[in-house]
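Please read the following briefing alongside the sequence and the coordinates. It moves from helix packing to cores and then to strand pairing.

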Amino acid sequence: MVLSQEFIKVKLLFLLTFFIDDLGQNYKYPVTSVLVGVNGYALGVKTYIYDLEQCTEKGVFFYVDSHLWKKKEGAAEKKLKKNVVTLPMLEKYNFENVLTRKGFEVIDRHLVYEQTSNRVDLHGVNSLRTVAQTELLENMLNVQNFVNYYRETQDLDL
Amino acid sequence: MTLDESSFANYFAWIKPTNKIDNPIEDLLSVIDVLEDDEASAEQLEATTRIIKKYENPEFLEIELESCKLKDSEKEKLLLEYVKKTLREIEGVLQAKGLNDFYKLCDMSSKFKYFKLRVFNEFKRTSFSALMENPEKNGIDVYLKNFFETHGNKSFQTTVWLTLFFKLLKTGRSRLKGRPSTLSRESGRILPWITSRWNRMTKPHYSVLSQSYSSSILLKNVKPITSYLLANLHMI
């Protein structure tokens, strides 16, 4: 039996944008980081730059070991306002707690950009002395990287 | 190849790490909490310093990963027999689709793109799903072959016999009403109809999977299917 492409339903990817930055001098290139998941199951973080000339996205994907990010059962939950629809990916996992608290900035510090006056390129992320297009999120968001970030930006004596 | 829990437990056992490892994300969260808190107590600061020192220690990086093993040599033999039997069945399905050259099957230009083997119910049931390109219709053919007796086959048989019963009933009623007998005409129509459905039933049963995109194995990078499956099993 034949099932043409247009009739194949693919489950909708859930994208949650957290962080947008503009790079470049004459022309601004938006850099976006989003948390990606399907049906409340987290897949990873996608960081990409939008190429204004080619109209394409180019970037890095950080995949996750999702069981490490699951919240403990019985953990204190935030009180939500009325009529607010909760998102399982934020409710069940600790992504929001880490990513919005300097997590995206820590990731951004490990990205490798090439900037000229007219153009910005995102080559990848520093990983084991090479530049990679994929990396494990836990390798970026770890205690050491956070401590280094705080040491450099807030002059903390740790 | 995906196994459900009952099938996995039938042949495999988990090897748990000997030392319990703290969740690094929970440690990270507690560190962030303290770093952002200007009024953190001395005890909290001490605990955070301990965590930071722990992660600065290179020995901490040497951690055991959870893995699994085959229960015993008897189970290994049974599993290999199962693999051989399943491979023969897969071969039959592919041959029925005109894919009888193994090297062409593994070629990049082959229409056969993905396959997935799902094992469940303590290895009693196996289903094979495959994606094949259909350039003529500009689409993708999605196939599922169950290597066990399906409810679909049984219900289809019931449908056939019920339809036959109603057709005969209709013929009998028309005779009772004194109309000219339609039995010979009806039987002439029914018999080829039964034969065609019977032929369909006895052929391998295929049905469409609407959402079988996820977690399929990319065959393009794989050499022979047999060696691939065996290699995977040895890896497990």
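Axes here are lines fitted to C-alpha atoms, for helices over the stretch in contact, and angles run from 0 to 180 degrees between N-to-C directions. With that convention, the axes of α5(A) and α2(B) come within 10 Å and cross at roughly 15°. This makes α5(A) roughly parallel to α2(B), the class given to angles under 35 degrees, while those over 145 count as roughly antiparallel, 65 to 115 as roughly perpendicular and the rest as oblique.

The model is predicted, so local features need pLDDT of at least 70 and side-chain atom pairs count only at pLDDT 80 or more, whereas totals for chains, interfaces and linings use all residues. Residues are numbered from 1 along each chain as its sequence is written, and chains are lettered from A and ligands numbered from 1 in the order in which they are written.

**Helix packing between the chains**

- The crossing of α5(A) and α2(B) is right-handed, a term used if the near helix is turned clockwise from the far one by less than a right angle, with anticlockwise giving left-handed.
- On the side of α5(A), the contact is made by V143(A), F146(A) and Y150(A), and on the side of α2(B) by D27(B), L28(B), V31(B), I32(B) and L35(B), where two residues are in contact if their C-beta atoms, placed from the backbone, lie within 7 Å.

**Chain composition**

- Chain A has five helices and eight strands, and chain B has eight helices and seven strands; helices (H or I, at least four residues) and strands (E, at least two) are DSSP runs numbered from the N terminus.
- Along the sequence, the elements of chain A are arranged as β-β-β-β-α-α-α-β-β-β-β-α-α.
- Of the 158 residues of chain A, 20% count as buried, and of the 236 residues of chain B, 10% do; buried means that 20 or more other C-beta atoms lie within 10 Å of a residue's own, exposed means 12 or fewer, and partly exposed lies in between, with C-beta atoms placed from the backbone.
- If contacts between residues at least 6 apart in sequence are taken, 46% of those in chain A join residues at least 24 apart, and the figure for chain B is 61%.

**Nonpolar cores**

- In the largest nonpolar core, which has 26 residues, A42(A), F95(A) and L28(B) touch the most other members; such a core is a set of buried Ala, Val, Leu, Ile, Met, Phe, Trp, Tyr and Cys residues joined through C-beta atoms within 7 Å.
- At least two residues of this core come from each of β3 (41-51), β4 (56-63), α3 (95-109), α4 (137-140) and α5 (143-154) of chain A, together with α2 (24-36) of chain B.
- Apart from this core lies another, of six residues, among them F115(B), A130(B), L131(B) and V142(B).
- Beyond its neighbours within four places in sequence, F95(A) is in contact with L35(A), A42(A), W69(A), M89(A) and L90(A).

**Strand pairing**

- In chain A, three strands form an open antiparallel sheet in the order β5-β6-β7, where two strands pair if DSSP finds at least two bridges between them.
- β5 (111-115) and β7 (130-132) of chain A stand at the edges with a single partner strand each, so one side of each lacks a neighbour in the sheet.
- β5(A) pairs with β6(A) over five bridges, and L111(A) stands opposite V125(A) in β6(A).
- In chain B, eight bridges join β4 (112-120) to β5 (125-134) in the antiparallel sense, and in their hairpin, which has four residues between the strands, N121(B) takes a positive phi near 55°.
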